[in-house]
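Me: I have a structure open here and want to go through it. Can we start with the metal site?

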Amino acid sequence: MVKAFGKLAVLTAALLGSPLALAQQPPTGQPHAWGIDLQQAATTKMESIHSFHEMLLYIIVAVTVFVLVLLIWVVIRYNRRSNPTPSRTTHNTLIEVVWTVVPVLILVVIAIPSFKLLYANEKIPSDIQLTIKAIGKQWYWTYEYPDNGNFTFDANMLPDDQAAAAGQPRLLAVDNFVVVPEDTKVRLIVTADAVIHSWALPAFGVKIDAVPGRLNELWFEVPEPGIYYGQCSELCGARHAFMPIGVKVVTKDEYATWVAEQQAQAGIAPAPADKTAALR
Ligand SMILES: [Cu+2]
């Protein structure tokens, strides 16, 4: 339904020639001007969040319209002029039972898929193929690749001029991407060094707090190569808004090449049990 509204808005805008006509989703699942709806889903996890969100929207619209109709009816039918002698009813057992039971049922209808989704997204699959560690710092992210010889790098935001030169979006551009292979179950272990941050990537449907002294974990599997952006989502100090998250999903071959480059830079000899071999 949201999508239908979004499409309708874009279509109307195209006909009227307004800037909304430019509101097509960019291919990389990043926020954009005149955007409506959640970010495009890049994982099945995010697709299930989209469906749940749409189901909620139907329920919200139905409840709102029902209450509005009741209000209008009361205003018209029971105002002082049309109803000069008001009823003195104080109790009606049937109505009271109905207005208690129906909302409970609506909440149950919402709660069941909500908990299912929550548990499904929370559970880390047993066949994880790659583990990466993200450490939130003030105010950038450090990444470690323990499965590939434990090379490490920092990801800082690019200033506006460099972002434009690199063809990356302002405030989301990063100097170093988290590179992951496509079609691979990736576990991300998340922690922080001083204050709480949050590693969030809307297109993947993931968000988790980075807490000092604690390891949190999430997982994702992205079928399509591309560049995806997220941001630190827990207020962490002065430059909280300037520690974006950039994930580059590449083919398995490109991933192996990238890992080899990183290992060469770090002076790590590729280990025999290197997990990149298993990925290819
Ligand atoms: Cu932050």
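Me: What arrangement do the 4 donor atoms around the copper ion make?
Reply: Tetrahedral, because the 4 donor atoms subtend angles of 87 to 126° around the copper ion. Four donors count as tetrahedral if all angles lie between 85 and 135 degrees.

Me: Which residues coordinate the copper ion?
Reply: Cys-232 (SG), Glu-234 (O), Cys-236 (SG) and His-240 (ND1), at 1.9 to 2.6 Å. Donors are N, O and S atoms within 2.8 Å of the metal (3.2 Å for Na, K and Ca); water is not among the atoms, so sites may look incomplete. Along the chain, the donors of the copper ion have the spacing C-x1-E-x1-C-x3-H.

Me: What about the model itself?
Reply: The model is predicted: local features need pLDDT of at least 70, side-chain atom pairs count only at pLDDT 80 or more, and totals for chains, interfaces and linings use all residues. Residues are numbered from 1 along each chain as its sequence is written, and side-chain values use heavy atoms, with hydrogens and water left out.

Me: Back to the site: is Cys-232 buried or exposed?
Reply: Cys-232 counts as buried because its relative accessibility is 6%. Buried means under 20% relative accessible area, exposed over 50%, partly exposed in between (1.4 Å probe, protein chains only). Cys-236 is buried as well, at 4%.

Me: New topic. Which residues are buried in H5?
Reply: Tyr-255, Ala-256, Trp-258, Val-259, Gln-262 and Gln-263. They lie on the same side of H5, because they cover an arc of only 165° around the axis (taken from the directions from the helix axis to the C-beta atoms).

Me: And which are exposed on the other side of H5?
Reply: Asp-253, Ala-264 and Gln-265. Helices are DSSP runs (H or I, at least four residues), as are strands (E, at least two), numbered from the N terminus.

Key
Tetrahedral: all angles 85-135°; square planar, octahedral: opposite > 155°, others 65-115°.
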